[in-house]
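Colleague: I am new to reading models like this one. Could we go through it by question and answer?

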Amino acid sequence: MSKILRLFSVTLLASFSFSIAAATVSQIEAVQDAAEKHVADIISVPKNGKINITAGNLDSRMRLTDCPVPLGTDVPGRQQLNTSVTVMVSCDQDNWQVYIPVKIELMTPSVVAKRPLNRGMTIASNDLAIQMVNSRFQRGRTYTQPARLIGSKVKRTVGMGEPISSSDVCAVCRNDDVLITAQGNGLNIVAKGTALSDGALGEQIKVKNNKSKRLVDATISAVGEVTVNF
């Protein structure tokens, strides 16, 4: 039994013996609301994101009083604010406290597959949609702009409704013909090349200049295009 659960059991035995009535619906809701508000106050919401916070159920047989002062709240121990947290809700004046689990869902906008995307497919605009996705289901680097994925090839199967990550696609795939743009000192030099590995937008890969046969490190700037700075 965890330390928090042991504290919970001891607290119930010691604190509720003086009460004569089981907790009312309004008392339980007050405890849940206080726990949810506490978590909302201490957690950061990312830009364009939202957080769903849901307090767990309490046993209606618990004995609580209508606290005459605002309920106290705290997150005991060194808990991580990830998918769930346990909040202590207390009434100092009436000498009671309870521990309640709170579920946390961090939702952020992400590009998802509108239909199953099979390996080898070239992604089109009608294959994509933007949805709010629970961060626990996002792996690696995901996307918020569908345009950055159009024309990319699927490297591994993506199910309908699943967020697309950089490891699922390649804007440039190994052995693809690419357009190399070399930039520096006010000059832009364009050449044709061959990609020597897979990569997503913004990633760096090795590219061979087809004319000079030279190998260079290039950054993928668009589907089928890479940039080299000199």
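Colleague: In which element does Thr108 lie, and is this residue buried or exposed?
Modeller: This is a predicted model, and in it Thr108 has its place in strand 4. The relative accessibility of Thr108 is 16%, and the cut-off for buried is under 20%. Thr108, in strand 4, therefore counts as buried.

Colleague: Which residues are in contact with Thr108, leaving aside neighbours within four places in sequence?
Modeller: Contact here means heavy atoms within 4.5 Å. With the neighbours within four places left out, the list for Thr108 is Pro46, Gly49, Gln131, Met132, Val133 and Gln138.

Colleague: Pro46 is on that list. How many Å separate the C-alpha atoms of Pro46 and Ser152?
Modeller: Along the chain, Pro46 and Ser152 are 106 residues apart. Ser152 belongs to the loop between strand 5 (128-134) and strand 6. The separation of the two C-alpha atoms is 27 Å.

Colleague: Is Ser152 buried or exposed, and what does it touch beyond four places in sequence?
Modeller: Ser152 has a relative accessible area of 1%, and under 20% means buried, so Ser152 is buried. Its contacts, neighbours within four places aside, are Met121, Thr122, Ile123, Val169, Cys170, Ala171 and Val223.

Colleague: What is the volume of the largest pocket, and which elements give two or more residues to its lining?
Modeller: The lining is made up of Ile180, Ala182, Ile189, Ala191, Asn209, Ser212, Arg214, Val216, Val228 and Phe230. Two or more of these come from strand 8 (177-184), and two or more from strand 9 (187-195). By class, seven lining residues are nonpolar, two are polar and one is charged.

Colleague: How many salt bridges does a search of the whole structure find?
Modeller: A pair counts when a side-chain nitrogen of Lys or Arg is within 4 Å of a carboxyl oxygen of Asp or Glu. Lys153 and Asp176 form such a pair, with the closest N and O atoms 3.8 Å apart. The search finds eight salt bridges.

Colleague: How many residues apart in sequence are the parts that Lys153 and Asp176 tie together?
Modeller: Lys153 is in strand 6 (residues 153-154), while Asp176 is in the loop between strand 7 (169-170) and strand 8. Lys153 is partly exposed at 34%, whereas Asp176 is buried at 18%. The parts tied together by this pair are 23 residues apart.

Colleague: In the salt bridge of Arg156 with Asp168, how far apart are the closest N and O atoms?
Modeller: Arg156 and Asp168 are both in the loop between strand 6 and strand 7, twelve residues apart. Arg156 is partly exposed, at 42% relative accessible area, whereas Asp168 is buried, at 0%. The closest N and O atoms are 3.9 Å apart.

Colleague: And how far apart are the closest N and O atoms of Lys206 and Asp217?
Modeller: Lys206 is in strand 10 (residues 204-209) and Asp217 in strand 11 (residues 215-222), eleven residues apart. Lys206 is partly exposed at 42%, and Asp217 is partly exposed at 40%. The distance for this salt bridge is 3.0 Å.

Colleague: What is the phi of Asn48, and what is the phi of Asn175?
Modeller: Asn48 lies in the loop between helix 2 and strand 1 and is exposed, at 58%. Asn175 lies in the loop between strand 7 and strand 8 and is exposed, at 56%. Neither is a glycine, yet phi is positive: about 65° for Asn48 and near 75° for Asn175.

Technical notes
Residues are numbered from 1 along each chain as its sequence is written. This is a predicted model: local features need pLDDT of at least 70, side-chain atom pairs count only at pLDDT 80 or more; totals for chains, interfaces and linings use all residues. Side-chain values use heavy atoms; hydrogens and water are left out. On a 1 Å grid over the protein atoms alone, a cavity is a set of points where a 1.4 Å probe fits but cannot get out, and a pocket is an open set with protein on both sides within 12 Å along at least five of seven lines; lining residues have an atom within 4 Å of a point. Helices (H or I, at least four residues) and strands (E, at least two) are DSSP runs, numbered from the N terminus. Ala, Val, Leu, Ile, Met, Phe, Trp, Tyr, Cys and Pro count as nonpolar, Asp, Glu, Lys and Arg as charged, and the others, Gly among them, as polar. Buried means under 20% relative accessible area, exposed over 50%, partly exposed in between (1.4 Å probe, protein chains only).
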